[in-house]
Amino acid sequence: MRTFAHGFNRFRSGEALMINPIKIQLSKIEKNTIDPEMLAFAAPIKCIHCYFNDYIPTQFYLVTPGVETYDEHDELSRIVRGQLGHNKFTSMYCDLGDVICVTRCPQCGSEDVF
Ligand SMILES: [Zn+2]
């Protein structure tokens, strides 16, 4: 049963790729290229697990092409997980285009920081 389920998952992901051949690229961008107002909005303040509230480092990536549909957003989530190892990200739209921001608590490693 487990083998069947595993095979089924692999089939499903192959199928999704054929239906939806989007190629989303992530390019790391420096914080200082982003509008300070956007940064203030994206900057994490506190970890909800360990209450760490000192400086929490954040990385920004430009998403090209930008994501519009649910399918593209799913694909972006998959790429963020695969390439960056993050399960969560914040998206924002700024003058550069679609930008995502990923972060992790430096104390406990949780991504639940706000
Ligand atoms: Zn933490």
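Biologist: Before we start, what are the ground rules on numbering and confidence?
Modeller: Residues count from 1 along each chain as its sequence is written. It's a predicted model, with local features needing pLDDT of at least 70, side-chain atom pairs counting only at pLDDT 80 or more, and totals for chains, interfaces and linings using all residues.

Biologist: OK, what's the strand order in the open sheet?
Modeller: E1-E2-E4-E3, four strands with antiparallel pairing. Strands are DSSP runs of E, at least two residues, and helices are runs of H or I, at least four, numbered from the N terminus; two strands pair if DSSP finds at least two bridges between them.

Biologist: And which are the edge strands?
Modeller: E1 (25-29) and E3 (90-94), each pairing on one side only.

Biologist: How many bridges between E3 and E4?
Modeller: Five, antiparallel, with E4 covering residues 97-103. Ser91 has Ile100 as its bridge partner, and Tyr93 stands opposite Asp98.

Biologist: Switching topic, which residues make up the largest nonpolar core?
Modeller: Eight of them: Phe60, Tyr61, Val63, Leu76, Val80, Val99, Ile100 and Cys101. A core here means buried Ala, Val, Leu, Ile, Met, Phe, Trp, Tyr and Cys joined through C-beta atoms within 7 Å, buried being 20 or more other C-beta atoms within 10 Å of a residue's own, with C-beta atoms placed from the backbone.

Biologist: Which elements give two or more residues to it?
Modeller: E2, H3 and E4.

Definitions and conventions. A residue is buried if 20 or more other C-beta atoms lie within 10 Å of its own, exposed if 12 or fewer, and partly exposed in between; C-beta atoms are placed from the backbone.
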